[in-house]
Amino acid sequence: EPIFPDVEDQFLRQPVVKVAPSDTGPWPRVVLEKTEFRFGQLFEGEEQTVSTRIQNRGDAPLMLAPGKAVCDCEFVDFPLDPIPVGESAEIKINWRPRPGSESFEKFVIINTNDPKQPEIRLAILGSALQAILKSPQEDWEIP
């Protein structure tokens, strides 16, 4: 049970929003600078932010909307206003691996109104290192 359900609904859950393209055109055309982000090795709980540019090389404004959430470990920041023809915008991804995830391969999904690319999948790849290692590995206590 969430402690503050109204806060959780408003800030922690992004609804899946579909943006339908026009039936007759003109249409936008998505061009991404980068679709895969290799974070390498991060410590559990360590945050890292990466970004990429998204361009609209079509003939109509490009609209972006949150896609299906695949993990609650990332935060994605992208423009909610339409991207005009010939313009570009920045997409930022903030990633923090959770404890117990040795390696990760997740996707950030963003919906678009580009009929040839209605869904953008940005890959997040890397591995997580334990923040505290115990040696020897057998059980031991710290008073």
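Let's begin with Ile93, which is buried at a relative accessible area of 1%; buried means under 20%, exposed over 50% and partly exposed in between, with a 1.4 Å probe and protein chains only. Ile93 sits in strand 6. The C-alpha atom of Ile93 is 5.7 Å from that of Phe75, although the two residues are 18 apart along the chain.

Before I go on, a word on what you are looking at. This is a predicted model, where local features need pLDDT of at least 70 and side-chain atom pairs count only at pLDDT 80 or more, while totals for chains, interfaces and linings use all residues. Residues are numbered from 1 along each chain as its sequence is written, and side-chain values use heavy atoms, leaving out hydrogens and water.

Now the overall layout. Helices (H or I, at least four residues) and strands (E, at least two) are DSSP runs, numbered from the N terminus.

So which strand does strand 6 pair with over eight bridges? That is strand 3, and the pairing is antiparallel, with Thr49 standing opposite Asn94 of strand 6. Strand 3 also runs antiparallel to strand 1, joined by three bridges, and here Leu32 faces Ile54 of strand 3. For pairing, DSSP has to find at least two bridges between two strands.

On to the core. The largest nonpolar core has 22 residues, and those with the most contacts inside it are Phe39, Ile54, Leu64, Ile91, Ile110, Ile120 and Leu122. Such a core is a set of buried Ala, Val, Leu, Ile, Met, Phe, Trp, Tyr and Cys residues joined through side-chain atoms within 4.5 Å. Strands 1, 2, 3, 6, 7 and 8 each supply at least two of its residues, and strand 6 gives the largest share, four residues.

Take Leu64 as an example: leaving aside residues up to four places away in sequence, Leu64 touches Ile54, Phe78, Pro79, Ile83, Ile110, Asn111, Thr112 and Ile120. Contact here means heavy atoms within 4.5 Å.

Finally, the whole chain. Of its 143 residues, 34% count as buried. Among contacts between residues at least 6 apart in sequence, 68% join residues at least 24 apart.
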